[in-house]
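Please look through the sequence and the fold below before reading on, and keep both in view while the text moves from one region to the next.

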Amino acid sequence: MDATDALNEIAFWLERESAPSFKVQAFRKAAAVIAGLSRDELAERIGNGRLKRTKGIGERTFEVIREAVEGGVPNYLAGLRERGTRPLAEGGAEISAALRGDLHSHSEWSDGGSPIEVMVAAARLLGREYLALTDHSPGLTIANGLSTERLRNQLDVVAAVNDGSDGFRLLTGIEVDILEDGGLDQAPEVLEGLDIVVASVHSKLRSDRGTMTRRMLGAIANPQTNVLGHCTGRLVQGSRGTRPESEFDAARVFAACAENDVAVEINSRLERQDPPDRLIRLALDAGCLFSIDSDAHAPGQLDYLQYGAERAERNGVPAERIITTWPLDRLLEWAGKGTTAAAGG
């Protein structure tokens, strides 16, 4: 087995299990250290002790490399693969199996931790048919949001990923911040050229109910908005602590989503679990579509869709109302991109 692939796959499975980031990064850094070295070069460095003395290579990563170079699947990876056969969530298996893609993910271009190509490799490993790359918009400086120029440069990278693709499609996209006046934090002509636009509130989350409602309604009415991301902004656990739900008129917001054909995101991150169950049911009754998304900031987190699928099933959301179960052509037609976008044009 290729040693670099083994290290990266270990990091993937650890991310999937929500392991501490320092543990994950130890394997990703070791993979970066040996990237480009041939099996023979690694064998020589193992034999003369040089690899063990290399900065960024620890005891566990050294053993993984050694076992890979010797021709087998490293024991540590084999154990993680075995654990990986167990579902993350107790329910939602039927909806999880129906999911074809994911419309919310981040790369190292904004506040994600991995290159675009690594995120794509993980999506393929999980059997996804499509993944939207939705790095943050420029106003969210804390998350290294993409300026118009950087976003346009990213589109070239996406095109290269899709060049000669084997059926998988990386969709162009953005998680655009909803501004205080309800506008979207990116030039309209840029948004128009993207496959998927996820609109989310990230600032002044404690605004009063009327202000927040008007803000969200403005974004939902924008014809470029496809998905309303993590609508309450709450945090229920995790390293960032907890945060209460934003206050807004959920009935009006979900009615607007249904009227404007904007999907309500079921954010699968354990720290968000957004919307809360009662709001999922309210959106369902309002006639909304849903998008089960990972909001992944690392490759292994792409499998968090299982958590979203479990919540959708528990709240009675039928698979046909979940746009991420749809084939790519149907999804792009719904998003207003049609057959031209589906062909990569």
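To speak of an angle between two helices, one first needs an axis for each, and here an axis is a line fitted to the C-alpha atoms, over the stretch in contact, with angles running from 0 to 180 degrees between N-to-C directions. The model shown is a predicted one, and in this model the axes of helix H3 (residues 39-47) and helix H4 (residues 59-69) come within 10 Å and cross at roughly 125 degrees. Angles from 65 to 115 degrees count as roughly perpendicular and those over 145 as roughly antiparallel, and H3 and H4 are therefore oblique to each other. Their crossing is left-handed.

Which residues in H3 and H4 meet? From H3 come Arg39, Leu42, Ala43 and Ile46, and they meet Phe62, Ile65, Arg66, Ala68 and Val69 in H4. Sorted by class, this contact holds seven nonpolar residues, two charged ones and no polar ones.

H4 also reaches beyond this one partner. Its buried residues are Thr61, Phe62, Val64, Ile65, Glu67, Ala68 and Val69, and the buried residues of H4 pack against helix H1 (3-16), helix H2 (21-34), H3 and helix H5 (75-84). After H4 comes Gly71, which has a positive phi, near 110 degrees.

Not counting residues up to four places away in sequence, Met1 touches residues including Arg39, Ala68, Val69 and Gly71.

In soluble globular proteins, nonpolar side chains tend to be buried together. The largest nonpolar core has 43 residues, of which Leu228, Phe254 and Phe290 touch the most other members. Another core lies apart from it, with 39 residues, among them Ala30, Leu80, Ala122 and Ala296. If residues up to four places away in sequence are not counted, Leu228 touches residues including Ile178, Met216, Val253, Cys257 and Glu265.

Is Thr232, in its loop, buried or exposed? The loop in question runs between strand S5 (227-228) and helix H11 (250-260), and Thr232, at 1% relative accessibility, counts as buried. Leaving aside neighbours within four places in sequence, Thr232 is in contact with Pro244, Glu245, Ser246, Phe248, Asp274, Pro276 and Leu279.

Definitions and conventions: Residues numbered from 1 in each chain as written. Predicted model: local features only at pLDDT ≥ 70, side-chain atom pairs only at ≥ 80, totals over all residues. Heavy atoms only, no water. Helix = DSSP H or I, 4+ residues; strand = E, 2+ residues; numbered from the N terminus. Parallel < 35°, antiparallel > 145°, perpendicular 65-115°, else oblique. Left-handed = near helix turned anticlockwise from the far one by under 90°. Contact = heavy atoms within 4.5 Å. Nonpolar A, V, L, I, M, F, W, Y, C, P; charged D, E, K, R; others polar. Core = buried A, V, L, I, M, F, W, Y, C linked by side-chain atoms within 4.5 Å. Buried < 20%, exposed > 50% of the residue type's maximum accessible area, 1.4 Å probe, protein only.
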